Amino acid sequence: MTTLGLLFVGAVLFVNGAWFLGAISAREAGVFNLFVGAIQVVLPTLAVVAADGDLGGVFGAGSSYLFGLTYLYVGVNNLMGNDGRGLGWYSLFVSAMAIVFGVFSFSADPVFGVIWFVWAVMWLLFFLILAVGKTSLMSFTGWLILVGSHLTATIPALLIWRGNWPTSTSAALWAVVIAVALLVLSAVAARVLPSLPAPASALQSVPAAAAPEAA
């Protein structure tokens with residue numbers, strides 16, 4: 001994933017966190033998801049072409065498609081009013097692949113390996129909400145991606161851009177501590193902080209079968 005792409009992953013996760021918490025409408029989030037999804041498809045495609053058949057380059061760029069297609073899927077669903085079940089099942093695939101990419105990352109960049117695992121948790125939550133109907137997880141997921149957007153994407157993009165990205169084992173241990181703290185903080189925020197009034201379309205992409213639990 002390019003540094004520019006990573007920066008906008010942070011932006012779209014932040015917007016989606018606000019959507020999950022009811023701060024903005026599904027349609028507004030959908031438009032921005034389309035913008036970022038397009039970036040996350042165009043940039044890796046250019047990287048694949050530049051790789052000229054090199055499998056390492058192709059595979060590295062291909063990881064960006066996991067996210068780019070997610071955001072395009074979210075954008076289309078939100079603007080067309082689809083129930084989101086298909087996106088939920090796709091998110092399960094992304095979650096599994098994030099674990100794979102995380103394992104592959106540990107040898108060269110253990111800190112980013114931890115980040116991949118955090119993304120795996122996020123996309124697993126998308127699966128549970130959209131495909132299984134666990135809408136009780138909306139608030140926790142909203143806080144997780146709202147705060148986690150900066151910890152897993154925005155700040156890493158800025159550090160990589162400035163040439164200050166750490167790859168040591170000690171830095172990876174600190175990344176684990178921060179990841180656990182993020183999960184705890186999100187759980188506390190979901191329980192303690194009052195929910196924002198959700199727009200009428202805030203749950204547009206949540207399956208209708210989940211409506212009883214949402215109530």
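Let's start with the rings: Trp-19, Phe-20, Phe-67, Tyr-71, Phe-101, Phe-112, Trp-116, Trp-119, Trp-123, Phe-126 and Trp-165 are linked by ring pairs into a cluster. Two rings of Phe, Tyr or Trp (its six-membered ring) pair if their centres lie within 6.5 Å, and the pair is called stacked with planes under 30 degrees apart, edge-to-face over 60, and tilted for the rest. Before going on, keep in mind that this is a predicted model, where local features need pLDDT of at least 70, side-chain atom pairs count only at pLDDT 80 or more, and totals for chains, interfaces and linings use all residues. Residues are numbered from 1 along each chain as its sequence is written, and side-chain values use heavy atoms, with hydrogens and water left out.

The structure holds 15 aromatic pairs. Take Phe-20 and Phe-126, a tilted pair with 5.9 Å from centre to centre and 55 degrees between the planes. Phe-20 belongs to helix H1 (residues 3-20) and Phe-126 to helix H5, so this pair ties together parts that are 106 residues apart in sequence. Both Phe-20 and Phe-126 are buried; that word means under 20% relative accessible area, while exposed means over 50% and partly exposed is in between (1.4 Å probe, protein chains only).

Now step back to the whole chain. The protein chain has eight helices and zero strands, where helices (H or I, at least four residues) and strands (E, at least two) are DSSP runs, numbered from the N terminus. Of its 215 residues, 45% count as buried. Look at the contacts with a separation of 6 or more: residues 24 or more positions apart account for 77% of them, a contact being heavy atoms within 4.5 Å.

Which residues does Thr-70 touch, leaving aside its neighbours within four places in sequence? Thr-70 is in contact with Leu-87, Tyr-90, Val-94 and Trp-123. You'll find Thr-70 in helix H3 (residues 55-80), and it counts as buried because its relative accessibility is 3%. Met-138, in helix H6 (residues 138-161), is buried too, at 8% relative accessibility. Between Met-138 and Leu-128 there are 9.8 Å in space, C-alpha to C-alpha, and 10 residues in sequence.

Phe-59, Ile-99, Val-100, Val-103, Phe-104, Phe-106 and Phe-117 make a nonpolar surface patch of about 600 Å². Patches are built from residues with over 30% relative accessible area and no salt bridge, joining like charges within 9 Å and nonpolar side chains (Val, Leu, Ile, Met, Phe, Trp, Tyr) within 5 Å. Helix H4 (residues 85-105) gives the most to this patch, with four residues. Phe-117 sits in helix H5 (residues 110-130) and is partly exposed, at 30% relative accessibility.

Finally, the charges. There is one salt bridge, meaning a side-chain nitrogen of Lys or Arg within 4 Å of a carboxyl oxygen of Asp or Glu. Its partners are Arg-85 and Asp-83, at 2.5 Å from N to O. Arg-85 is partly exposed with a relative accessible area of 31%, and Asp-83 is partly exposed at 34%.

Note on methods. Accessible areas come from the Shrake-Rupley method with a 1.4 Å probe; for residues, only the protein chains shown count as cover.
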